[in-house]
Every structure is written in C-alpha cells, then in structure tokens.
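The following note sets out points for a colleague who is examining the structure. Please read it beside the sequence and the coordinates.

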Amino acid sequence: MQIVADENIPLLEQFFSEFGEIRKVAGRTMTSEDVKDADILLVRSVTKVNETLIANSPVKFIGTCTIGTDHIDLAYLDALNQQRRANNQQKIAFSSAPGCNAEAVVDYVLSAVSVLIDKRDQIFQDLSVGIIGVGNVGFRLRRRLEAMGVTVIAVDPFKDAEEVGELSALDDALKADVVSLHIPITLAEDAAEHATYHLINEQRLQKMQPNACLINTCRGSVVDNTALKAHMDKYADFESIIDVWEGEPNLDLQLMNRCMLATPHIAGYSLDGKMRGTEQVYQACCQTFGLPIRNKLAQYLPEPSIKKIKFGDSVPVRQALRTAIRAVYEVRVDDGIMRSTLLRTNGEPQAMRTQFDLLRKNYPLRRDIPTMRVEVPSKRQDLQQALAAAGFDVRMGKR
C-alpha cells in the first residue's frame, strides 16, 4: 500500500512501515497530486482534508494524529461513504487521536499560570479558573487544578455533570480570575446556539474581570482577536496567554506584543503527546486492515532529559511547585523565541508564515509532567501532596 503522510508526524517508519511505502510531504501544502495514489493518508491539523484533496484518490484510511478534527470535512467524508456503500464499494475509514496530547496542554496551562501568579505575587490557591469545555483536555485540567486547591468553574453544554463534575453557566465561568478555553471550532450552521466561532467576542470580554487572564490553547478563531486587542488596550491589567491565533500562520504582531505570553501553537507539543497520537492512529489503521498490533509506544519513548528532581527539607511549597513545573516545561522560553523570530519578519506575510511553521517543525519536544520523578523528604507531607496533585511522580526520601 502507498502511504502519504505529513513529514512532521513522529515514528512514521516505526509504526507504519509494515503497511507499505511511506512518502512524506509538507502538511500545509499537501495537494491532490500528492495523494492521487495513496491508500493511507496521515495528517495533522495543518492539512485541510476535503473533496479537493481526496475526491479522485484511492484512499481507504484517513488518520489525523491530533485531538481536533475541524480540518477534516467530515460531512463530505460521510456523504462520500454513503455513495460508496450504495455502489458496494469499501468505505473510507477515519480515525483521530482524542486525548493524545491532553496532558501536554494541561502542563502548558500550569506553566503559564505559574508565571501569572509569580507576576501577581499569588499562589495557585488564590485563583478561580473558568474552564470552557470539559473534554479530554478540560477534564484533566479540572482534576489537576481542583487537586491543587484551585476553585474551578466549568462549563460544557455537551457534558453531563455526573460524568465531569459540577457544571455552571458560561457567564459564571467568565467571571473567574483565569479563563481557559478547551473547545473545538464550530460555526453557527453546524452547532446553532453552541457555535464556538468568536465565542469570546467583545460582549463576552466585557463580562470578564478587568484584571482577568484569558488563556487560549484550542483554536484561534474561538477568540475574536481584534476584539481581544481592543479590550486589552482599554483595560491595562487584562492579561492574555495565546498559543493559537486567528489566521495562523500569519498573525497580528501587535496582539502578540500585548500578550503576557505568546507561543506558536505548541501547547500540545510534548514528545509523549505527539507519539501517542501516532500510536492511536496506528492502532485504528491495524483494526481497519485486520492486522495485529505489533508496536507499542513504550518501545520508542526515550528517557526524559531530566529524570528526577530532589527537594530538601526547607523548600516552600510555592517554590517547589514553580521549580518542578518549569523544569518540565518553561513556557517563557517558547514565548521569547517566538517574539524574537516573528518580529524579525516585520510582518511580511510570507516570511511570517515560513517562520511560524519552522518554529513548529523544529520545536524541541518536551516530556509530560507525569514522566518527572520528584523526591521529597518523608516528613514533608505538604510538599508530597502538592506535587502529586500537580501530576508528578512523587517519591518519599529519607527524613
């Protein structure tokens, strides 16, 4: 079989070589010519999979190694499969990788919030956090924050409170100190009253506290970026932490400069998350073609670059949390690299597109918080509880 895959999907050969010949192409510029002979198509979020791309191809399986599927024209795929069934043809199987990088996004939010509370001389427990969307990411974030003693106000019209915990109205969540977005992008014609395109608009920004912090790690167009910039111009103490941007790979450099933290769509870019996405799609592909699952992610994950942190008797909980979280992921590094790189483009569109994609392509993949072992003195139960709540593998040392 012929396999066409985004060149930035990790472990392609290790997981998919048994299926046939692999041809790697640039995901953002993938064309119908690239996939005209493909039996298996493997993509990421930068590739629009629609009629234009696959109408005349022999594709039998499409996999996206991502949580989101808004880059996949699922309505067209469903219509095409109905047509194929009517003609007694094999349907095109589809798989995404729900939850594959959820831990990485949670780690990103924790690192970002740790920067915010340092700036404001607070601790995590001082905050209330509104979580918009309690799916794979939002639910994990909720559990982590509540275990850390943070007040969480969660909203999700598609979830049951018995499944994900107490749910509130959107307006209540918007009143929190921090509002973190974890929803897909949907348009009014697709989702009616629950459309998420520009969910955070001028009117909803006005409902937030004037010194609140908005974190967006889901999809750029969930936030009206023009309205956000105007809102921050009006309210000097309003903060934003943005990883996803309207119009990316082009973006508003003025908005970037106004953000407290700005990163190039890498919140979920942990090594564990990306490799887990490949594994999930591989497993679905094996099921589609009736092949045994021979490869496991554990075979390929390397040792963490920092395997253990050890704390002494006198370290304050606040300092230990900050140190451990940022040892796994220091969001300010990505923020600095993005600013210095994109500002050198002077806003020239082609240069910005190129540099934005290079930042993602050449990203030095990090590990998830649960891969970090933290050793604390046995008498420091407070430290053990705080670090375990944040997701670390905590081991008790000697007194």
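1. In what order do the strands of the open sheet of 6 strands run, and with what pairing? The order is 7-6-8-9-10-11, and the pairing is parallel. The edges are formed by strand 7 (151-155) and strand 11 (261-262), each of which pairs on one side only. It should be kept in mind throughout that this is a predicted model.

2. Within this sheet, strand 9 (residues 213-216) can be followed on both sides. Strand 8 (residues 178-181) pairs with strand 9 in the parallel sense over 4 bridges, and Leu-181 has Asn-216 of strand 9 as its bridge partner. Strand 9 is also joined by 4 bridges to strand 10 (residues 239-242), and these two strands run parallel. Here Cys-213 lies opposite Glu-239 of strand 10.

3. The side chains of strand 9 deserve a separate remark. Cys-213 and Ile-215 point one way from the strand, whereas Leu-214 and Asn-216 point the other way. All of these residues are buried.

4. Ile-242 stands opposite Ala-262 of strand 11. Helix 5 (residues 136-147) packs on this sheet and touches strand 6 (128-132), strand 7 and strand 8. The direction of helix 5 makes about 165° with that of strand 6.

5. A further open sheet consists of 5 strands in the order 2-1-3-4-5, again with parallel pairing. Strand 2 (21-25) and strand 5 (93-95) stand at its edges with a single partner strand each, so one side of each has no neighbour in the sheet. On average, neighbouring strands of this sheet are turned by 15° against each other, direction ignored.

6. Strand 1 (residues 2-6) pairs with strand 2 in the parallel sense over 5 bridges, and Ala-5 is found opposite Lys-24 of strand 2. Helix 12 (residues 271-289) packs on the sheet, where it touches strand 3 (40-43), strand 4 (61-64) and strand 5. The directions of helix 12 and strand 4 make an angle of about 165°.

7. Which angle and axis distance describe the packing of helix 4 (residues 102-119) and helix 13 (residues 317-328)? The angle is about 140°, and the axes are 9 Å apart. Since only angles over 145 degrees count as roughly antiparallel, the two helices are therefore oblique to each other. Their crossing is left-handed.

8. In the contact between these helices, Leu-110, Ser-111, Ser-114, Val-115, Ile-117 and Asp-118 of helix 4 meet Arg-318, Arg-322, Ile-325 and Arg-326 of helix 13. The residues of this contact divide into 4 nonpolar, 2 polar and 4 charged.

9. Is Arg-84 buried or exposed? Arg-84 belongs to helix 3 (residues 74-86). Its relative accessible area is 15%; buried means under 20%, so Arg-84 is buried. Not counting residues up to four places away in sequence, Arg-84 touches Ser-57, Val-59, Gln-89, Gln-90, Lys-91 and Ile-92.

How values were computed: Residues are numbered from 1 along each chain as its sequence is written. This is a predicted model: local features need pLDDT of at least 70, side-chain atom pairs count only at pLDDT 80 or more; totals for chains, interfaces and linings use all residues. Side-chain values use heavy atoms; hydrogens and water are left out. Axes are lines fitted to C-alpha atoms, for helices over the stretch in contact, and angles run from 0 to 180 degrees between N-to-C directions. Angles under 35 degrees count as roughly parallel, over 145 as roughly antiparallel, 65 to 115 as roughly perpendicular and the rest as oblique. A crossing is left-handed if the near helix is turned anticlockwise from the far one by less than a right angle, and right-handed if clockwise. Contact means heavy atoms within 4.5 Å. Ala, Val, Leu, Ile, Met, Phe, Trp, Tyr, Cys and Pro count as nonpolar, Asp, Glu, Lys and Arg as charged, and the others, Gly among them, as polar. Two strands pair if DSSP finds at least two bridges between them. Buried means under 20% relative accessible area, exposed over 50%, partly exposed in between (1.4 Å probe, protein chains only).
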